[in-house]
Amino acid sequence: MVNSGPTALPFNQFAEDGSLRLATAATSGNIAIGLRSNCGIVLVVEKSPCGGLHNLGGRIGIAVSGTKGLDVSGGKSETGGKSEGEALVDLARSECATYRTSFGQDMPLRKLQSCLSAHIHAHTISSLTSPLDVTLVCASHDDAGPVLYAIDPSGESLGYFGVIAGRGRDLAQKRLRAQTLSSMTLTELAKEAAVLAYVANGNARTELEFGIAGEEGKFEMAHAQLVNECHAYAARMMQGCGSDS
């Protein structure tokens, strides 16, 4: 009997080089960028049905880069009619709410990323589940300062000053490596993130969402004026200097 469901997947989800065989979000999903300085963190994500920017209602924001809409197997949605990224964000909200109820304070991002990375990794170690083709870029500014993590489809979670996920990542990495992020203001970070998104999109405009975790401790969506300034700045950079500027 042939099973066409998730149990038909091979047990070994990883290639010989350690990469996840079935996951492509890190290099072909919608663009997601996180930049960290001493002042705080900026998240920028390309609007997409597969991903987006989410404010968890406190100190934490999550940018989702994904390649799939509804995760459907055998005609039944495994995520309740939601994309894989939305299901993970719902899990994050639930974890934060439980922590807040139990301890009377916001959940530290360091604890949340550990829970999310374990959940994502669990989908890679058995033929009973399909890997989640999602990359999460998570930001917070807590009592210890700004914190930026990226969790890839294998469940590996690493801290960064600057990280790019999604299509065009390799195009934008060269410019990112040339930046001194630690000394930038939040406005400068937002403008630089917009430029990186344009570079990743082939030096062309794409619709972006911006979120900021500043020294006041809360993660907030950027106001329209700053978003417009970032798009205008990125457009000038593309016209004047090209992707290597």
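## Where β8 meets β9

Let's start at one strand pair: strand β8 (residues 145-151) is joined to β9 by 3 bridges, and the two run antiparallel. Strands here are DSSP runs of E with at least two residues, while helices are runs of H or I with at least four residues, both numbered from the N terminus. Two strands count as paired if DSSP finds at least two bridges between them. Within this pair, A150 stands opposite L158 in β9.

This is a predicted model, in which local features need pLDDT of at least 70 and side-chain atom pairs count only at pLDDT 80 or more, whereas totals for chains, interfaces and linings use all residues. Residues are numbered from 1 along each chain as its sequence is written, and side-chain values use heavy atoms, with hydrogens and water left out.

The β8-β9 pair belongs to an open sheet of 5 strands, ordered β3-β4-β7-β8-β9 with antiparallel pairing. At its edges are β3 (53-55) and β9 (157-159), each pairing on one side only. On average, neighbouring strands of this sheet are turned by 20° against each other, direction ignored. Angles are taken between N-to-C directions and run from 0 to 180 degrees, using axes fitted as lines to C-alpha atoms, for helices over the stretch in contact.

Helix α3 (residues 109-122) lies across β4 (60-66), β7 (134-142), β8 and β9, and runs at about 5° to β8. With a relative accessibility of 12%, S117 counts as buried, because the cut-off for buried is under 20% relative accessible area (exposed is over 50%, partly exposed lies in between; 1.4 Å probe, protein chains only). Leaving aside residues up to four places away in sequence, S117 touches I151, G155 and S157; contact here means heavy atoms within 4.5 Å.

## A second open sheet

Another open sheet of 5 strands has the order β10-β1-β2-β11-β12, also with antiparallel pairing. Its edge strands, β10 (162-165) and β12 (219-221), each pair on one side only. The twist averages 15° from one strand to the next.

Strand β1 (residues 32-36) is linked to strand β2 (residues 41-46) by 5 bridges, running antiparallel, and G34 has L43 as its bridge partner in β2. Helix α4 (residues 169-177) packs on the sheet, touching β1 and β10, and its direction makes about 165° with that of β10. Between β1 and β10, which run antiparallel, there are 4 bridges; I33 stands opposite I164 in β10. Strand β10 is covered on both faces: G162 and I164 on one side, and V163 and A165 on the other, are all buried.

## Helices α4 and α5

The axes of α4 and helix α5 (residues 186-200) come within 7 Å and cross at roughly 145°. Residues L171, A172, R175 and L176 of α4 meet E192, V195, L196, V199 and A200 of α5. By class, this contact has 7 nonpolar, no polar and 2 charged residues. Here Ala, Val, Leu, Ile, Met, Phe, Trp, Tyr, Cys and Pro count as nonpolar, Asp, Glu, Lys and Arg as charged, and the others, Gly among them, as polar.

## The chain as a whole

Stepping back, the protein chain has 6 helices and 12 strands. Of its 245 residues, 49% count as buried. Among contacts with a separation of 6 or more, residues 24 or more positions apart account for 65%.
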